[in-house]
Each structure stands twice: as structure tokens, then as C-alpha cells.
Amino acid sequence: MSTLHKLAEAAGLQIDWEDALGEAQRVSDGSLIAILAALGYPADSDAAIADSIARIAHDRGAACSFVSAVVGEAFALPAACGGAGPAQLVLEDGTRREIIVETTPAGLRVPAIDAIGYHRLILGTREIGVAIAPPRCFSVADAAGDRRLWGPAVQIAALRDDSDSAFGDFGTLDRTARAFAQRGADAIAISPVHALFPADASRFSPYAPSTRLFLNVLYADPALVGAETATSDNGDLIDWAEAIPARLRALREAYDRRSDAVRAEVAAYAAKGGDELERHARFDALHAHFFEATGAQGWRDWPVEYRDPDGVAVARFAAEHDDAVGFYLFLQWLAKRSLDAAQRAAVDGGMALGLIADLAVGMDSGGSHAWSRPDDLLTGLSIGAPPDLLGPDGQSWGITGFSPIALQRTGFEPFIATLRAALDHAGGIRIDHALGLRRLWVVPEGASASEGAYLAMPVDDLFRLIALESHRARAVVIGEDLGTVPEGFRPTMDDLAMLGMRVLWFERDEDGGFLPAGGYAADAAAMTGTHDLATVAGWWRGRDIEWQWQLGRTSRAADETADHAARAEERSRLWEAFVAAGVAKGPQPAPDDSAPVLAAALAFIARTPSVLAIVPMEDVIGAVEQPNLPGTIDEHPNWRRRMPAATDALLARPDISARLAAFDAERST
């Protein structure tokens, strides 16, 4: 093995890996050198490699600040933590216990701790953070006994209600949750609500947030402060370039005429939010200032003196633009109040879980988190996915994520804070690209997705912290486990009671046939699709194939005709599975006749033993087009499609009402 490869492995990079088709792949030396440099380990010469290897060894040997374990199980400490002997355990509630740390052939051993929570272990002169987690996440059974739950998945902006609004918001979500609760749903999975870049109307993707610690203020319900939704757009697509500035103007008018009571509430909210919230409000004000003045996309485009959140220039700006900073604090307050109201509406309507939040996998490197806390992140690297079934050309998402080194150094504080922010308003959480908990596909900024490599993450610690926060919030956890799944990952999720996603299109047997409904995993979320996949109607008609060839994307078929011919065979297999399951009968419908297929697909997913069934809103109504086409930006109208009518009106339509009634009846048996 070369010294470069030794360094790469020591840094947590996987040199050899297997793709979604089971074919062996190797990362090029050039890619390794570029990725290592971004991680802070120069590798452009033998001397640099030697120095980097030595630094990794030193850093790991000195690491002794945090450890996680499972309640009731003894655990090990790094040898760097010192010697064995008496130690003091300080529990989260302040209780102190004397314990003995023992020496074993495997290293230092701490006796089992029977209290779940975040504690401190004082060993000699060292103080070590200790997170003691339950063995499993809070589960559907914990929330609802032996019931099999169901709910829709919605894109918040796509929703409509009776208000005259250009896009859906938390008020629309409130009314949508009430409508589905009346029809027996126990959950409503929502698109990410993380903070974006409100001054830039082109930044509307929910999966490229500025930070995941705060909310998308554009979703704040204007009605709660008497604001008028100034723009009306009844088209099929959201015109974000017009809608976002109009919404901000309406909210600004509400801010300018806010009452003394509102001023007091915002002040109390800001005081509770502390420095993190203040920094984020300052970032939004600075971003608006420099975006309007120079078109600056993020903090790295600002004058140097403004890149330090604790610097003199930023403090001076905040003082001189106190009103602008105050406006963004007001918006965060209103957004939280609005989202809390939506969760209350869901639970008060009878839902066992209510909202299931969506935790995006990363954040924009030019955003609020990267400005406030750059040392938390993988600077200079974009995360994504290698070529797989979801993205044949591979994906580089243009976002960054947490550095595993930084997580260890900070006692995982930023990860814990991110989980808590997502769970603050929800009865469940969907972790986007959960495979990234074990390894992230990292790509040097500006390189193609194929030039990336897998970077190992501290998966055991991350899993334990998820279980701990899940229990504290009494929220179920779903992990998006689609794509190139590492061996052993799904069994570990099962042991943790983290629900995997069992999507209709991917649940196949060895011969490629669709699994029977009874073959779906019980501890999982069964789904007809996701926002990144073709809808049932679109798949049946081959709309996804049309998009594939229209955009000139990679396909395993020789040409479009061959692709459609293969889909014809797939349609036959799917219909056969529906007939065998007893959810369809008669001859196979034509490609342009998707209504009976849609009814059968919903009935099929409802019949699975999976404890949770989720149906995208697009499949609830029989939409042909999907919300997002991965790997595209402007070529496809991602995150712009709207529902054709208000939710309660849609659910009252005879065909939709019948499908949902049958779905609820099946899940209730």
C-alpha cells in the first residue's frame, strides 16, 4: 500500500468501494490528494504525507472529550483519557456518583450507567462528556400501540387553501393537516423547513439551506399578524422571482405596524434564542445588504471584514441596521409560531404523530451556519452521491456537511442542536440520505461527482444520539436508505428502530419482480414514491422516461424506444403483483389509463405490514409530474409545482375520497 493510501485510510477515506450494480471501483490518486487537502491533510509530496499521517495519529491519541454508550452497558474509553481508578460521574440533573474505571486487556472500561442523558465523567484532571442513549429510538408502537399508521407526504409550497397566496405556507399546512386528520391520517410528512436565503428569490430549493438551526421565514403564516398575501398566482407553477419579494413586502408591512404585545413576544423569543439566533438574524440582514448591492451569493463574497461574525465590522453593521436585524428576528418568531400551530392542529385533530420533519443532509457553504461556525463543516468539499439507480451520472449537491473531526472535537454539539431544531415542532423526523450517517460521498468543489470518495462518519455515536434525542422528543425516526446501501446498514437501522423507506419501485425479488405486499418489512415506512421519483401516474405513462431522453441523461437503454419497451414489461410485472395481492383485477390498463393503477398502488401499500405508510400528495391526487428531478437545476421546474386546488377541496373529490377511505380502512384492520 502506498503512503498516500495509508494517509487516505487514516483520514477515513474509502479507496475501494462497490457501486449500486456490485461493480468494484477505486478512487484515483488525484481525487484523494484533492479531498485530503480539503480535510486539512496535505498530500502533494512525500514529506507532506508523512506530516499529515503523524498529525492524524497525534490528534487521535489526544482525543478524549466525548464518548457515547447505551444505557445499562459498560463501555470503553480511549487510552488517551489516562489511567484507571476512581472517577466521578456527574449526571445531567447534577447528581454525583463515585465509580471505578477499570483497566482491561482491551483498554479502559467504565461500568454501565443506568441513567439516559448527557452526563460528565471526571477522571483525574480530565472531564469527558458522556451521552447515554436508550437502545432504540422512540417507535410507532410507543406512540400508537399495534396500530399501522398512515399519512401523506407534502411539499409545503405546493399546497393550496382558500387564501389568495402565491405558494403554500405554514398556515396552509395547518389547514392541510386538519383535512387529513379528518380522514384518519396519523402523520403528515413535510418538506424541509430550514432557513434559506430570503433576499435571493432564486434560492428556493428546500435541500440547500443556509442553516438547519432556524426556519424558512417565507413559510411564516401572514394571517397570524394580519398581513395580506399581496401576490396571487393560480398557475400550475410558482413564480418564485415574483412571489418571494411580494411576501417579504407584506411581512415587512406587518413588522412596521406590529403591536406592543408582538414586540414583547419577539423580544422574549430573541432573548431565549441567544447568540445563535442573533447571529443568524445578522447574517440575513448582511446577506440582503450585500446581495442587493453587489449580487453577493454568500458570505465568502462579502468584504473580508464582514466574514468574521464576531468582528468589529459586523457589530457596527448590526448597530447601524438594527431595524433590519429586528425584522429577521420577527420573521423567525413568526415562522416558529406558525409551525407550532400546524403541529398543534395535527395533534388536536387526532393524529398520533402529527408532522414528520425532513432533515436535509447538509447546507450551503455560503450560508449562515458556515459563516457563524465554519469549523463545524467540510470546507472545500461538496457532498453528493456516486452514480447509482437514482442518479446514473452521480450527484454533487453543492452543499457541505459536518466534519467528523469537528464533531468529535465539539462533543457532537452542532449535530445535537440540528436534531433538536428539527424535532422542536414534530412527532417524527425523516433523515435525508441517512446513509451519510455512516459515510458521505465527498467531492472537491468544482469537480465532477465521479471524482469523489466515501468519507467515514462516526456512525455509532450518531446513531446513539439520534436514539437519545428521539426519546427526549417522543418522535419516531425514518432514515432515507435509498441508493448505494453499505453492507449491514439496514440491519443496524432495524436494531435501532429507525424506520427504513420501502419504496414500491425498489422492492423487488432476485428476478426483478415486485415483492408481494406481505413481503415488506414491518419496521419500515412503506411508500408509493418520494419527491425525487416518478409519480405512480407518471411512471405508468412513462413520463420519467420522456424527461430522461429530453434532457439527454444517461440511460441503460439503447434509445428511447427501447426504454419504453422495457417499461412496458415493467408495467406488466407491476399489474401482476397488484392482481396477486388482490388489489386489482381484470386486464392491464393502457399506458394512458393510470386511474386504476393509482387505486391499486395505494391499496397495495396500505396492505403492507409496515408500521407506517406514506403516500406523496402527488399520488393522492394522481398527478403525472414529480416535484423534483435529481441532477437538474433549471432544466426541470423543481420545487415549483402546485396542487390544482385547496387540500380540503381535493380530498372531497369522489375518486380521491374513495381512495383515501379505502386506504384508511385497510390500515385500520
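In what order do the strands close into a barrel? The 8 strands of the barrel follow the order E11-E12-E15-E18-E21-E22-E23-E24, with parallel pairing. Strands pair if DSSP finds at least two bridges between them. The twist averages 30 degrees from one strand to the next.

This is a predicted model, in which local features need pLDDT of at least 70 and side-chain atom pairs count only at pLDDT 80 or more, while totals for chains, interfaces and linings use all residues. Residues are numbered from 1 along each chain as its sequence is written, and side-chain values use heavy atoms, with hydrogens and water left out. Helices (H or I, at least four residues) and strands (E, at least two) are DSSP runs, numbered from the N terminus.

Ala525 has Leu612 of E24 as its bridge partner. Helix H5 (residues 170-181) lies across strands E11, E12 and E15, at about 145 degrees to E12. Helix H21 (residues 654-668) lies across E11 and E24, at about 140 degrees to E11. Angles run from 0 to 180 degrees between N-to-C directions, and axes are lines fitted to C-alpha atoms, for helices over the stretch in contact. Contact means heavy atoms within 4.5 Å.

A second sheet is open, with 5 strands in the order E1-E20-E19-E16-E17 and antiparallel pairing. E1 (13-14) and E17 (395-399) stand at its edges with a single partner strand each, so one side of each has no neighbour in the sheet. E1 runs antiparallel to E20 (residues 453-456), and 2 bridges join them. Gln14 has Tyr454 of E20 as its bridge partner.

The structure holds 1 disulfide, defined as a pair of cysteine sulfur atoms within 2.5 Å. Cys64 and Cys81 form it, with their sulfur atoms 1.7 Å apart. Cys64 lies in the loop between helix H3 and strand E4, and Cys81 in the loop between strands E5 and E6, so the pair ties together parts 17 residues apart in sequence. The torsion about the S-S bond of Cys64 and Cys81 is about 115 degrees, so the disulfide is right-handed.

| Residue | Relative accessible area | Class |
|---|---|---|
| Cys64 | 10% | buried |
| Cys81 | 3% | buried |
| Cys137 | 2% | buried |

Key
Buried means under 20% relative accessible area, exposed over 50%, partly exposed in between (1.4 Å probe, protein chains only).
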